[in-house]
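Notebook open, model loaded. I want to look up a few residues and jot down what turns up.

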Amino acid sequence: MQGILHTLVLGLVMLLITPFSQASVNAGPRIDCRKEIVACAVYMEARGESLKGQYSVAFLIHNRSMDSRFPTNVRDVVLQRGQFPWTKRKRIVITDKVAFNRARAVARKVAVLRNDMPAYRKADPTKGAVFFNAKHLRPKHFKKHATNITVVDNHIFFGKRRHT
């Protein structure tokens with residue numbers, strides 16, 4: 001009993017002196033988001049949404065990488081300053097392995113589709129969108145200037161991809 005109590009107290013002390021992001025790293029499986037950046041983005045942005053919503057986020061990232069206004073690779077698109085707030089965190093904790101595996105499958109499918117642009121365009125639920133916002137933010141100023149507005153689950157996708 002004393003050993004268990006000692007372990008609990010030591011764990012509590014470590015939790016209090018360790019930043020939350022470091023303390024929670026063991027809460028889920030270790031995933032290297034640098035290698036699976038689109039899967040992490042889909043997980044962080046749309047894990048509670050429909051499969052169409054998850055595909056929409058993955059397509060948007062790839063659409064940006066093909067647009068002259070954004071970086072040319074998906075990693076830099078996701079890590080671009082001010083685009084995805086969760087990228088500011090030092091560690092990303094994957095708490096739902098099933099949801100992450102689904103996000104991983106979505107990310108891989110969209111990456112494969114990029115090799116066949118007619119199939120890619122046909123499958124893209126965002127119709128080439130390069131911007132998105134949460135629906136609750138009501139981006140009225142974007143609507144006035146945006147084209148190609150598509151609503152999927154909790155997000156509004158808009159803007160047309162410019163070819164590089």
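This is a predicted model: local features need pLDDT of at least 70, side-chain atom pairs count only at pLDDT 80 or more; totals for chains, interfaces and linings use all residues.

Is Lys127 buried, partly exposed or exposed? I checked: Lys127 has a relative accessible area of 49%. Exposed would need over 50%, so I put Lys127 down as partly exposed.

**Backbone entry, Lys127.** I looked up phi for Lys127 and got a positive value, near 60 degrees, in a residue that isn't glycine. Then I asked where Lys127 is, and found it in the loop between α7 (117-123) and β1 (131-134).

**Backbone entry, Asp153.** Asp153 isn't a glycine either, and I read a positive phi of about 55 degrees for it. Its place is in the loop between β2 (150-152) and β3 (155-158). I also looked up the relative accessible area of Asp153, which is 31%, so Asp153 goes down as partly exposed.

**Side-chain entry, Arg64.** Next I went to helix α4 (residues 51-65), where Arg64 is found. Which side chain of opposite charge is nearest to Arg64, and how far away is it? I found Asp67, 8.2 Å away.

What does the side chain of Arg64 make a polar contact with? I got the side chain of Gln83, at 2.9 Å.

Last, I listed what Arg64 touches, leaving aside its neighbours within four places in sequence. Gln83 shows up again, and among the others are Phe70, Pro71, Val77 and Phe84. I also wrote down Val130, Phe131 and Phe132 as contacts of Arg64.

Technical notes. Residues are numbered from 1 along each chain as its sequence is written. Side-chain values use heavy atoms; hydrogens and water are left out. Helices (H or I, at least four residues) and strands (E, at least two) are DSSP runs, numbered from the N terminus. Buried means under 20% relative accessible area, exposed over 50%, partly exposed in between (1.4 Å probe, protein chains only). Lys and Arg count as positive and Asp and Glu as negative; His and the chain ends are not counted. A salt bridge is a side-chain nitrogen of Lys or Arg within 4 Å of a carboxyl oxygen of Asp or Glu. A polar contact is a pair of N or O atoms within 3.5 Å; within protein, one must be able to donate a hydrogen and the other to accept it, and residues adjacent in sequence count only if both atoms are side-chain atoms. Contact means heavy atoms within 4.5 Å.
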